[in-house]
Amino acid sequence: MGFEEFVEERLDGLLRYATVLTNDPHLAQDIVQDVLLRAQQRWDGIDAPPSYVRRMVTNEYLSWRRRAVRRMVPSSHDVLDALSPPEADPATAYDERDAMLGRLATLPRKQRAAVVLRYYENYSDAEIAAVLRCGTSTVRSQISRALATLREAPEPEPLIVSIKAGAPE
């Protein structure tokens with residue numbers, strides 16, 4: 001069997017095989033083309049062309065992957081991006097803040113004050129007790145009850161403002 005006959009019979013199968021390997025039809029075509037060019041140069045020395053050429057496609061794919069990794073040299077910007085944590089969407093922080101403010105609004109006033117003084121103002125139990133005019137054990141129980149209520153609270157409904165078109169009724 002000559003090289004041209006082999007290519008006519010096996011090209012579609014080699015392209016399908018390379019496409020499955022690479023998951024990219026364009027890369028598969030490049031790999032098969034390179035392999036067939038090299039195979040044509042030594043065609044007379046190949047004993048079992050179908051298995052040999054398929055092995056060449058596999059080896060070319062594997063070596064291409066190694067070469068591609070070596071070709072990708074990260075820039076200093078890429079390295080810094082990889083080291084820094086991904087930035088969150090700023091809108092998410094506002095949504096979370098609004099949801100927390102909605103939950104805090106459901107608490108009794110003393111519990112809300114204790115939570116805000118502890119987690120927003122970073123006050124100690126003694127400082128909170130002085131502001132609320134109660135004992136430190138009362139502060140701890142107020143915060144404990146408030147946190148339990150906040151954990152059990154359902155997600156508040158988002159505030160939706162509807163705007164009607166036209167003149168007011």
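This is a predicted model: local features need pLDDT of at least 70, side-chain atom pairs count only at pLDDT 80 or more; totals for chains, interfaces and linings use all residues.
Written along the sequence, the pattern is α-α-α-α-α-α-α-α. Of the chain's 169 residues, 24% count as buried.

- Ala99, Arg103 and Leu104 are the buried residues of helix 5.
- Looking down the axis of helix 5, you will find these buried residues within an arc of 140 degrees, so they line one face of the helix.
- Pro90 and Tyr94 are exposed, and they sit on the other side of helix 5.

**Helix 2: length and faces**

- Helix 2 covers residues 25-41, and at 1.5 Å a residue its 17 residues should span 24 Å; the C-alpha atoms at its ends are 25 Å apart, which agrees.
- Which residues of helix 2 are buried? They are Leu27, Ala28, Ile31, Val32, Val35, Leu36 and Ala39.
- Viewed down the axis of helix 2, the buried residues fall within an arc of 165 degrees, so one face of the helix is lined by them.
- The exposed residues His26 and Gln41 are carried on the face of helix 2 that is turned away from its buried side.
- Have a look at the start of helix 2 as well: there, a side-chain oxygen of Asp24 comes to within 3.2 Å of the backbone nitrogen of His26.

**Ala39 in helix 2**

- Ala39 has its place in helix 2.
- Is Ala39 buried or exposed? Its relative accessibility is 0%, and buried means under 20%, so Ala39 counts as buried.
- From Ala39 to Tyr52 the separation is 13 residues in sequence, while their C-alpha atoms are 9.0 Å apart in space.

**How the helices pack**

- Two packed helices are described by the angle between their axes and the distance between the axes.
- For helix 1 (residues 3-22) and helix 2, the axes come within 8 Å and cross at roughly 140 degrees.
- As for handedness, helix 1 passes helix 2 in a right-handed crossing.
- Further along, helix 6 (residues 109-119) packs with helix 7 (residues 125-132) at an angle of about 140 degrees, and their axes are 10 Å apart.
- Helix 6 is therefore oblique to helix 7.
- The crossing in which helix 6 passes helix 7 is right-handed.

**Arg133 in a loop**

- Where is Arg133 found? It lies in the loop between helix 7 and helix 8 (136-152).
- Although Arg133 is not a glycine, its phi is positive, at about 55 degrees.
- Arg133 has a relative accessible area of 79%, and exposed means over 50%, so this residue is exposed.

Definitions and conventions: Residues are numbered from 1 along each chain as its sequence is written. Side-chain values use heavy atoms; hydrogens and water are left out. Helices (H or I, at least four residues) and strands (E, at least two) are DSSP runs, numbered from the N terminus. The expected span of a helix is 1.5 Å times one less than its number of residues. Buried means under 20% relative accessible area, exposed over 50%, partly exposed in between (1.4 Å probe, protein chains only). The arc is that of the directions from the helix axis to the C-beta atoms. A polar contact is a pair of N or O atoms within 3.5 Å; within protein, one must be able to donate a hydrogen and the other to accept it, and residues adjacent in sequence count only if both atoms are side-chain atoms. Axes are lines fitted to C-alpha atoms, for helices over the stretch in contact, and angles run from 0 to 180 degrees between N-to-C directions. Angles under 35 degrees count as roughly parallel, over 145 as roughly antiparallel, 65 to 115 as roughly perpendicular and the rest as oblique. A crossing is left-handed if the near helix is turned anticlockwise from the far one by less than a right angle, and right-handed if clockwise.
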